[in-house]
Amino acid sequence: MLRSIARLQRPVLKACRVSVRGYQVARLDSSLKTKYDSLTDYASYRNNIFTHRLPESTASQSPPLVALHSRLNLPSSYTLSTLSQALNLNKFDDGLANNFGLNTLGKNLLSYYVAEHLLVKYPRLPMPIHNGAVDSLMGVETLYEIGKSWGIDVDQSSKLEKYLSQESEFLKYGKLRFVSEESKNDVKEPGVYELSEDEVSSLKRNNSFVAKEIEAYASAVRSIIGGLYTHAGEEATKAFIEDHILSRKLPLEQMFQFSQPTRELIRLCDKLNFTEPVEIRLIAETGRLSAHPIYVAGAFCGVEKLGEGVGSSLSEAKTRSVVNALMSYYLYSPISADGTDVKLPSDKNYKFEGIIGIGDVAI
Amino acid sequence: MFRSRITAAARFSPARALATATNSGSSAPIAAVPNALKADLTSLKLNSNGSKDLYAVFRLHNMPYLVTKGDKVYLPFKLKNAEVGDSVVLNDVTTIGSPDFTYNKEEGISEELYELKASVVEITREPYYEVYRKKQRCRRLKTFPVEPFQTVLMINELKLN
Amino acid sequence: MPVKAIAKSSIARNGVGAYVVPCHKISVQYCNWGGSSTGLRELLKNGQLDNIASKKKGIFFDIFKRTGHPKLTFHYNNDKAQEVEVANLNAKEIEQKIQEYSQRSGAPLFKHNHKVLSINDSIRGIWSPMHTPKSHRHQI
């Protein structure tokens with residue numbers, strides 16, 4: 001073991017690490033063997049991997065695929081072969097087109113509509129909470145849950161098993177295909193889950209891993225959304241995302257973790273140019289000598305009550321009042337002048353009505 | 001009094017069109033309230049933060065249910081002519097309230113003022129139990145197996161017009 | 001960082017927005033020889049099952065022949081499967097079974113002792129005795 005201490009000059013850049021959210025960057029998949037004349041000439045990009053699309057006549061003979069199509073109430077313009085392609089993650093197994101492109105498309109659509117929803121409905125959310133909310137709505141785990149609730153099954157049986165059980169070959173086109181043909185034949189020990197290479201590598205990075213199955217379900221859900229866009233257009237996709245993803249309950253008020261709430265509130269009031277100082281005042285109490293004392297504290301700015309909190313000690317009540325004041329600011333949701341919901345930029349006749357947040361406070 | 005309309009919403013099950021399930025012969029459906037008497041619910045609307053903080057009390061078979069959007073209503077019976085996935089328009093609402101205001105009308109609020117819809121999410125049963133009945137001059141208890149139906153509604157729309 | 005996010009998953013509300021039938025697959029097992037499958041065989045033969053399947057387009061009917069008593073298995077989207085024995089039942093009764101179990105969500109049966117199950121916060125908030133003026137409070 002190396003135990004010696006080497007004193008190295010710390011790089012200056014590393015000292016101030018700003019956490020930024022990485023957005024989707026198109027990266028070439030090397031296994032597609034893409035060839036191009038020049039890097040910027042996108043028209044010359046050609047994949048040299050042989051793929052073909054499933055014929056519609058074959059796809060329509062897969063009962064789980066047809067059932068999934070009607071369960072999700074997809075329009076008839078959405079072809080079954082695309083739906084089957086959305087469920088295929090295997091690149092090499094049977095030469096069928098996989099969902100790589102649909103996945104990227106669906107992911108971009110999802111992130112646009114989710115971000116739009118959150119930015120317009122909750123314009124004052126701090127950046128970390130906004131990112132958490134995006135993950136909460138379209139994170140891998142959530143999409144996995146959605147994929148499960150759509151009743152998508154995984155194709156896990158090998159060709160031999162299918163032959164022995166006389167299973168129709170069309171059945172697999174309606175199932176999620178991400179297990180490669182070789183690994184289907186691996187001997188599996190019940191109760192033991194072997195990590196794949198990707199999972200092991202993700203484990204090293206942040207001490208948690210996303211199981212291949214979860215990622216596959218999420219990718220299938222994104223691809224189905226991408227496929228809807230290609231067949232039915234933007235309006236239908238927006239409605240679909242609203243119905244399936246934005247209709248979920250978002251527990252925003254449970255997502256805040258304040259480190260120094262009082263200081264943050266004071267900074268916030270400074271930023272909002274409130275002239276009066278922030279004060280915490282005791283509104284009511286049951287009496288200090290009562291068996292279970294309860295205090296009600298309020299965070300005030302002049303005569304305005306910003307928040308109120310109940311606690312069993314003075315400091316608890318104080319902290320709660322400050323946290324409530326902050327939450328009521330951050331979770332503000334605008335409405336239009338006639339009392340209806342504000343319109344989204346992607347709506348028709350959109351006119352800006354909401355507010356623009358003033359940015360996060362620094363403490 | 002059973003004034004809910006069951007409609008097979010095109011979104012859920014386009015094939016079926018269900019008739020209005022009305023079994024109240026005596027009570028006429030709520031007639032459109034004249035404009036002069038129409039309540040002005042703007043304060044309720046503004047106070048409910050764009051219908052986000054809104055509750056309503058609707059009646060089904062004269063039984064009141066207080067709901068907000070996204071609530072599940074457990075009905076202790078099988079809703080007639082309803083199937084899973086159907087949309088139910090609940091149009092016998094007595095109270096609509098926001099954090100600070102309430103609009104209450106015992107005889108029913110005019111349908112134009114609000115929109116309250118539910119979807120039939122599940123038709124299931126209660127867990128099995130047994131009911132014992134004792135008859136006179138008979139030493140034995142009669143055992144009846146009971147597994148009554150339950151209908152679960154999910155409130156998917158509650159807003160002021 | 002002033003405020004950190006606690007990771008929380010959003011909560012599914014099937015029926016708000018879109019409704020997806022929880023029962024996605026029904027396995028129908030029948031026997032070609034045994035007498036207990038008579039009803040199911042009739043259901044299969046006279047095309048009634050086709051009718052049911054064409055009405056329930058979102059459900060995948062998997063029909064297979066196996067020796068033994070006939071059985072229906074309902075697969076729900078919460079990874080639960082419910083087996084229903086349909087031995088010696090006639091076609092009508094089997095159809096009723098299919099109707100009934102395909103409308104369930106797969107969750108265990110339970111009696112909710114309240115009329116409404118809500119995951120939302122109360123609109124009106126919770127009453128507090130501390131917010132009445134001191135002179136109006138209950139004196140012990």
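Trainee: Which residue of β6(A) is the bridge partner of Gly298(A)?
Mentor: This is a predicted model: local features need pLDDT of at least 70, side-chain atom pairs count only at pLDDT 80 or more, and totals for chains, interfaces and linings use all residues. Residues are numbered from 1 along each chain as its sequence is written, with chains lettered from A and ligands numbered from 1 in the order in which they are written. Strands (E, at least two residues) and helices (H or I, at least four) are DSSP runs, numbered from the N terminus. In β6(A), the partner of Gly298(A) is Glu308(A).

Trainee: How many bridges join β5(A) to β6(A)?
Mentor: Two strands pair if DSSP finds at least two bridges between them. β5(A), residues 295-301, runs antiparallel to β6(A). The number of bridges joining these strands is 7.

Trainee: Which strands stand at the edges of this sheet?
Mentor: The sheet is open and antiparallel, in the order β4-β5-β6 (chain A). An edge strand has a single partner, so one side of it lacks a neighbour in the sheet. Those strands are β4 (278-285) and β6 (304-311) of chain A.

Trainee: What is the average twist from one strand to the next?
Mentor: Axes are lines fitted to C-alpha atoms, for helices over the stretch in contact, and angles run from 0 to 180 degrees between N-to-C directions. From strand to strand, the twist averages 25°.

Trainee: At what angle to β6(A) does helix α13 of chain A run?
Mentor: α13, residues 314-330, lies across β4, β5 and β6 of chain A. Its angle to β6(A) is about 135°.

Trainee: Is Ser259(A) buried or exposed?
Mentor: Ser259(A) is in the loop between β3 (256-258) and α12 (261-271) of chain A. Buried needs 20 or more other C-beta atoms within 10 Å, exposed 12 or fewer, partly exposed lies in between, and C-beta atoms are placed from the backbone. Ser259(A) has 11 such neighbours, so the class is exposed.

Trainee: How many residues of chain A are in contact with chain B?
Mentor: Contact means C-beta atoms, placed from the backbone, within 7 Å. Chain B brings 8 residues to the interface, and the number from chain A is 7.

Methods. Contact = placed C-beta atoms within 7 Å.
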